[in-house]
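Please open the model in the viewer and keep the sequence at hand.

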Amino acid sequence: MEGAQWGRRLISTLVLAACVAALTLILMDHGTHARFRPTEADVLQPLPAAVAMDHKRQPVTDVAQLQAEEARYRALSEFVARRYRVSQDAAFDLVTLAHSAGGQLQLDPLLIIAVIAIESRFNPIAESRAGAKGLMQIIPKFHGDKLEAFGGEEAVFEPEANIHVGARILNEYLRRTGNLGIALQMYAGALGDDEDQYTRKVLNERYRLQQVVSPSPQRPAPPAAVRAAAARVSYPQVLPSVLD
């Protein structure tokens with residue numbers, strides 16, 4: 001009897017010891033996982049200083065560039081609004097469009113603004129007796145193909161269409177002649193004017209615009225000679241459309 005009881009106590013003791021050992025292993029394993037489990041702080045820890053600096057540098061540069069461009073457009077639009085008595089908001093929009101067209105064609109946007117000034121004095125509905133229309137005085141029947149991209153000849157009075165088409169026409173003349181003065185005289189349909197009066201007006205206006213955006217104390221040099229003095233080329237008296 002006593003031997004049986006002693007045997008049962010021994011078995012109970014062994015079972016209890018096994019349970020304690022198993023529980024100990026479970027607690028140790030839990031502690032190990034908890035020790036190496038990534039926390040929210042580990043996941044959200046800050047980037048190294050150099051990486052963080054590079055990450056922030058580009059947006060700052062972009063913002064600074066945008067601010068510089070806006071300041072340039074604002075200065076030009078204030079000059080245009082004051083000189084040609086148009087609203088500053090409208091002038092700002094036209095200056096922006098001129099820069100957009102110039103950027104696409106790699107053409108000086110100040111030259112485009114100067115042509116607008118001489119051609120229409122920034123009146124988007126200007127129309128000449130010869131049928132030239134809009135800001136850059138485009139004749140739709142001669143340049144209808146270029147207006148097609150903007151919806152047809154009816155778009156000639158829309159500032160964006162007029163400026164982009166006018167800039168494209170001027171850029172083509174400049175590319176073909178290689179001479180800014182001749183290209184401008186072609187644009188005005190005044191190749192026969194040996195005094196290049198139209199070109200001088202445009203270049204003088206661009207000079208004024210350059211003074212607005214040029215940092216002090218240096219100022220841009222006044223316009224040079226209009227045409228190359230080495231060789232005076234005689235051009236046939238043809239309509240601009242023939243040369244397109």
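Predicted model: local features only at pLDDT ≥ 70, side-chain atom pairs only at ≥ 80, totals over all residues.

Begin by selecting helix α5, residues 109–120, together with helix α9, residues 197–213. Their axes come within 8 Å and cross at roughly 125°. The crossing of α5 with α9 is right-handed.

Next, display the side chains where these helices meet. On the α5 side, select Leu-110, Leu-111, Ile-113, Ala-114, Val-115, Ala-117, Ile-118 and Glu-119. Their counterparts in α9 are Tyr-198, Lys-201, Val-202, Glu-205, Arg-206, Leu-209, Gln-210 and Val-213. Of the residues in this contact, eleven are nonpolar, one is polar and four are charged.

Remain in α5 and select Ile-116, which belongs to this helix. Ile-116 is buried, with a relative accessible area of 0%. Beyond its neighbours within four places in sequence, Ile-116 is in contact with Arg-121, Phe-122, Leu-135, Met-136 and Ile-163.

From Ile-116, proceed to Ala-98: the two are 18 residues apart in sequence, and their C-alpha atoms are 9.3 Å apart. Ala-98 is one of the buried residues of α4, among which are also Phe-92, Leu-94, Val-95 and His-99.

Finally, select the whole of α4, residues 88–105. This helix has 18 residues and reaches 26 Å from its first C-alpha to its last, close to the expected 26 Å. After α4 comes Gln-106, whose phi is positive, near 55°.

Notes:
Residues numbered from 1 in each chain as written. Heavy atoms only, no water. Axes fitted to C-alpha atoms, helices over the stretch in contact; angles between N-to-C directions. Helix = DSSP H or I, 4+ residues; strand = E, 2+ residues; numbered from the N terminus. Left-handed = near helix turned anticlockwise from the far one by under 90°. Contact = heavy atoms within 4.5 Å. Nonpolar A, V, L, I, M, F, W, Y, C, P; charged D, E, K, R; others polar. Expected span 1.5 Å × (residues − 1). Buried < 20%, exposed > 50% of the residue type's maximum accessible area, 1.4 Å probe, protein only.
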